Amino acid sequence: MTPNTCFNAHVLTLFPEMFPGTLGIALAGKALEKKIWSLNTINIRDFATGVHKSVDDTPYGGGAGMVMRPDVVGRAIETLPENTPLYYLSPRGQPLTQKKVKELAKNDSIGLLCGRYEGLDERVLKHYNITEISIGDYVLSGGEVAAQVILDAILRLREGFMGDQTSLNQESFENNLLEYPQYTRPNVWKNLSVPEILLSGHHEKIEQWRQKCSEELTKERRPDLWAKTTEIK
Ligand code: ADE
């Protein structure tokens with residue numbers, strides 16, 4: 001269980017209008033209103049200087065695209081409260097897993113630096129010792145959507161966010177297993193029936209059936225996860 005204090009998210013971006021975005025509706029939106037979490041968007045452009053207020057420049061050594069300037073991004077980073085763990089969203093980063101999300105959710109604040117253009121001057125990552133996180137092996141046009149994915153995954157683990165915390169123990173990736181299939185009314189739909197066992201009221205047998213389904217689904221769809229499950233056993 002995570003602590004029952006407000007979770008403070010600081011997002012550094014060139015596009016603050018993309019926030020709260022998906023996090024402004026449904027559970028996350030309500031939790032934001034209830035101050036279960038707070039969102040501070042920092043507009044990197046506000047830290048640009050000079051007549052042109054440029055936030056990026058051409059890459060040294062040549063090549064396509066533009067690179068975000070370290071001086072501008074650095075000034076934005078230095079406005080973060082002390083000891084805020086800071087991450088840069090990048091396809092080069094550590095892959096995000098449920099295990100990593102659980103670790104992140106133990107903190108009461110997070111800083112997420114979103115890149116655009118071809119990237120960020122490498123010295124920013126070195127100077128502030130920033131960890132990079134990737135949400136998958138594909139390339140997005142910027143880190144903003146990835147930041148929302150990470151925040152969504154963290155927030156639902158925070159106390160007071162979900163009505164029923166027990167559902168968290170049964171979902172996909174707990175014990176490296178995918179979740180079993182779910183059914184609701186009507187009992188028969190388009191000639192397809194709900195599995196008989198679920199109507200039996202026999203809780204122990206239902207548990208066993210669900211466990212078996214989880215294992216079979218994982219073996220079939222995610223042999224990589226299944227290998228980890230058997231390693232643990
Ligand atoms: N920015 C661009 N692509 C990304 C990815 N796959 N994960 C995180 N941030 C990104």
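**From the backbone to the ligand**

Modeller: Ala-26 lies in helix α1, where a helix is a DSSP run of H or I with at least four residues, a strand is a run of E with at least two, and both are numbered from the N terminus. Please keep in mind that this is a predicted model, in which local features need a pLDDT of at least 70 and side-chain atom pairs count only at pLDDT 80 or more, while totals for chains, interfaces and linings use all residues. Residues are numbered from 1 along each chain as its sequence is written, and side-chain values use heavy atoms, with hydrogens and water left out.

Back to Ala-26, which has a positive phi of about 50° although it is not a glycine. Its relative accessible area is 54%, so Ala-26 is exposed; the classes are buried under 20%, exposed over 50% and partly exposed in between, with a 1.4 Å probe and protein chains only. Asn-176 also has a positive phi without being a glycine, of about 60°. This residue sits in the loop between α5 and β9, and with a relative accessible area of 18% Asn-176 is buried.

Two cis peptide bonds belong in the backbone picture too. One runs from Phe-19 to Pro-20, with omega near 0°, and Pro-20 has its place in the loop between β1 and α1 (26-33). The other joins Arg-185 to Pro-186, again with omega near 0°; Pro-186 is in the loop between α5 (144-155) and β9 (188-189).

For the overall layout, the domain assignment gives domain 1 (7-155) and domain 2 (172-232); such bounds come from an automatic or database assignment. Taken over C-alpha atoms, the centres of these domains are separated by 37 Å.

His-10 gives a view from strand β1 (residues 7-13). Its relative accessibility is 9%, which is why His-10 counts as buried. Beyond its neighbours within four places in sequence, His-10 is in contact with Asn-40, Ile-42, Leu-80, Pro-81, Thr-84, Ile-110, Gly-111 and Leu-112, contact meaning heavy atoms within 4.5 Å. Lys-190 is 180 residues along the chain from His-10, and their C-alpha atoms are 48 Å apart.

Ser-109, in strand β6 (residues 109-114), is in contact with Phe-7, Asn-8, Thr-84 and Pro-85, leaving aside neighbours within four places in sequence. Ser-109 counts as buried because its relative accessibility is 17%.

Ser-214 takes us to helix α6 (residues 203-221), and with a relative accessible area of 7% Ser-214 is buried. Outside four places in sequence, its contacts are Leu-177, Leu-178, Glu-179 and Tyr-180. A polar side-chain atom of Ser-214 lies 3.4 Å from the backbone nitrogen of Tyr-180. A polar contact is a pair of N or O atoms within 3.5 Å; within protein, one must be able to donate a hydrogen and the other to accept it, and residues adjacent in sequence count only if both atoms are side-chain atoms.

Now for the ligand itself. Around it are Leu-89, Ser-90, Pro-91, Ile-133, Ser-134, Ile-135, Gly-136, Tyr-138, Val-139, Leu-140, Gly-142 and Ala-146, each having a heavy atom within 4 Å of the ligand. Alone, the ligand exposes 260 Å², and the protein buries 96% of that, with areas from the Shrake-Rupley method and a 1.4 Å probe, where for residues only the protein chains shown count as cover. The elements giving two or more residues to this shell are β5 (86-95) and β8 (131-134), and β5 supplies the largest share, three residues.

By class, the shell has eight nonpolar, four polar and no charged residues. Here Ala, Val, Leu, Ile, Met, Phe, Trp, Tyr, Cys and Pro count as nonpolar, Asp, Glu, Lys and Arg as charged, and the others, Gly among them, as polar.
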